[in-house]
Amino acid sequence: MGQTDTPADPLVAGLRAVHRAVAELRRGTPVLLRDESHGVVMAAAETVGAGGLAEIAALARVAPLLLLAPSRAAAIAPLIPPALRPAGEEPAAVALRLPPALLEPAALRSYADPTFESLLPPGQRPDRAPAPPLAPAALALAKLARLLPAVVMAPLREGLGSPDLLAVAAANVLAYPVDAATSLRRVAEAAVPLEDAADARIIAFRAADGGIEHLAIVIGRPEELAASGGAPLVRLHSECFTGDLLGSLRCDCGPQLRRAIARIAQEEGGGVLLYLAQEGRGIGLVNKLRAYRLQDAGLDTLDANRALGWGADERNFLVAATMLEQLGIGRVRVMTNNPDKLAGLAACGVVVEGRVAHEIAPNGVNDGYLATKAARFGHLLAPQDGN
Ligand SMILES: Nc1nc2c(ncn2[C@@H]2O[C@H](COP(=O)(O)OP(=O)(O)OP(=O)(O)O)[C@@H](O)[C@H]2O)c(=O)[nH]1
Ligand SMILES: [Zn+2]
């Protein structure tokens with residue numbers, strides 16, 4: 001309560017600074033990233049235009065580097081001279097020094113985005129450079145913006161005063177996922193009778209940064225069961241626009257969502273479905289569409305994420321744990337096939353008393369996707385509880 005009225009609270013101020021920096025990067029505007037000893041000017045490779053690059057050049061001490069997530073750098077290895085490719089253990093970021101002909105928006109975007117076609121000038125090659133200070137925070141900020149993890153970045157010149165760009169502290173960027181999740185509070189609630197669960201309420205949760213809301217679909221009275229020491233059935237469902245709303249056959253999300261609501265109501269008489277705004281396992285819808293393009297070209301769902309520079313699964317289960325805590329639910333049984341969800345909740349202090357399998361039969365289109373989840377994400381097959 002009252003959290004949005006306390007901008008003096010450093011946690012809230014930090015969250016808001018990051019949220020504003022995210023908006024700047026999304027529209028192609030550079031931002032300043034700082035810690036106690038460094039200051040850099042950076043922009044996202046996906047969105048920066050000629051104007052943004054000129055702004056960076058005007059403020060920079062040296063020409064900017066292009067930073068890529070290591071998995072993206074590995075995927076574009078042919079664009080990087082063999083001797084300069086990352087080897088051995090993965091660094092936090094791969095830094096490339098681009099020749100001037102490649103320091104322009106279309107070339108930058110083609111380094112960042114495998115689905116963006118542009119003709120790179122022949123004979124122009126980047127050099128590998130050591131990763132500069134603040135590189136991990138810079139990539140993390142691009143990811144918070146749900147932009148491809150590729151940034152142009154340069155150290156600020158001395159004696160500039162305060163350039164007219166939004167400044168954000170690297171520490172706030174790195175703390176953002178935890179701080180945003182723990183700041184989630186209930187903001188609205190209404191009864192919404194559903195086709196498969198007449199006694200349903202939707203409770204909306206908002207974080208102090210003012211970002212997108214997460215929803216709890218509460219069926220029956222699971223809070224009462226929790227208050228008497230029971231462990232209600234809970235389903236964590238990550239948003240999937242294509243599957244949930246459009247009935248996409250590429251995944252199993254739509255049927256899983258509807259079946260989960262029906263099963264919670266019919267088999268248990270109540271429980272909670274957390275509808276988490278973590279589209280595409282946390283990479284966002286735009287990047288999921290890019291990942292689909294790569295999957296159509298032969299990669300599986302895990303390698304496609306990594307070829308874009310994202311991790312296989314970027315979800316943050318502290319969001320779900322905080323929502324459960326706010327609902328007064330400390331012990332749960334979880335409806336899932338994904339062991340990471342059980343471990344993720346447990347790591348956030350939720351007592352996981354059991355698992356209820358939630359398998360949906362393949363539909364002829366998503367067979368490979370489901371097989372990959374079993375083979376590479378360790379998804380458990382449902383021996384007795386499935387349908
Ligand atoms: N990046 C990416 N995300 C996908 C792809 N297919 C589906 N998704 C997303 O994966 C998420 C599915 O999550 P869930 O159904 O909650 O979870 P799960 O990890 O499959 O585990 P279960 O609890 O067993 O269903 C949604 O956010 C979808 O948008 C894909 O090919 N690439
Ligand atoms: Zn889906």
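I took helices (DSSP runs of H or I, at least four residues) and strands (runs of E, at least two) as the elements, numbered from the N terminus. With that convention I looked at what follows H1, and found glycine 28, whose phi is positive, near 90 degrees.

Ground rules. I noted that this is a predicted model, in which local features need pLDDT of at least 70 and side-chain atom pairs count only at pLDDT 80 or more, while totals for chains, interfaces and linings use all residues. I number residues from 1 along each chain as its sequence is written, and I letter chains from A and number ligands from 1 in the order in which they are written.

Helix H1. The list holds Val12, Gly14, Leu15, Val18, Ala21, Val22, Glu24 and Leu25. These buried residues pack against strands S1 (31-34), S2 (39-44) and S7 (167-169), and against helices H5 (135-144) and H6 (170-182); for contact I required C-beta atoms, placed from the backbone, within 7 Å.

Domains. The assignment, whose bounds come from an automatic or database source, gives domain 1 as 3-175 and domain 2 as 184-278 + 315-376. Their C-alpha centres lie 35 Å apart. The contact takes seven residues from domain 1 and five residues from domain 2.

Ligand 1. I looked up its shell, where a residue counts as near if its C-beta atom, placed from the backbone, lies within 6 Å of the molecule. Of the 24 residues around ligand 1, Ser238, Cys240, Thr336, Asn337 and Asn338 come nearest. Two or more residues each are given by strand S11 (233-238) and by helices H9 (253-268), H10 (279-282), H11 (285-296) and H12 (301-307). By class the shell has six nonpolar, twelve polar and six charged residues, with Ala, Val, Leu, Ile, Met, Phe, Trp, Tyr, Cys and Pro as nonpolar, Asp, Glu, Lys and Arg as charged, and the others, Gly among them, as polar.

Annotated positions. I went to UniProt, whose positions are given in the numbering used here, with shortened feature names and annotations that may be inferred rather than shown by experiment. An unreviewed entry lists a "binding site" that includes Glu279, Thr301 and Thr336. Glutamate 279 lies in helix H10 and counts as buried because it has 20 C-beta neighbours inside 10 Å. Beyond four places in sequence, glutamate 279 touches Glu239, Cys240, Phe241, Gly284, Leu285 and Lys288. Threonine 301, in helix H12, counts as buried because it has 24 such neighbours inside 10 Å.

I found cysteine 240 in the loop between S11 and helix H8 (241-245), and cysteine 251 in the loop between H8 and H9. Cysteine 240 counts as buried because it has 23 C-beta neighbours inside 10 Å. Leaving aside neighbours within four places in sequence, cysteine 240 is in contact with Cys251, Cys253 and Glu279, whereas cysteine 251 is in contact with Cys240, Gly243, Asn366 and Tyr369.

Technical notes:
Buried ≥ 20, exposed ≤ 12 C-beta atoms within 10 Å, placed from the backbone. Contact = placed C-beta atoms within 7 Å.
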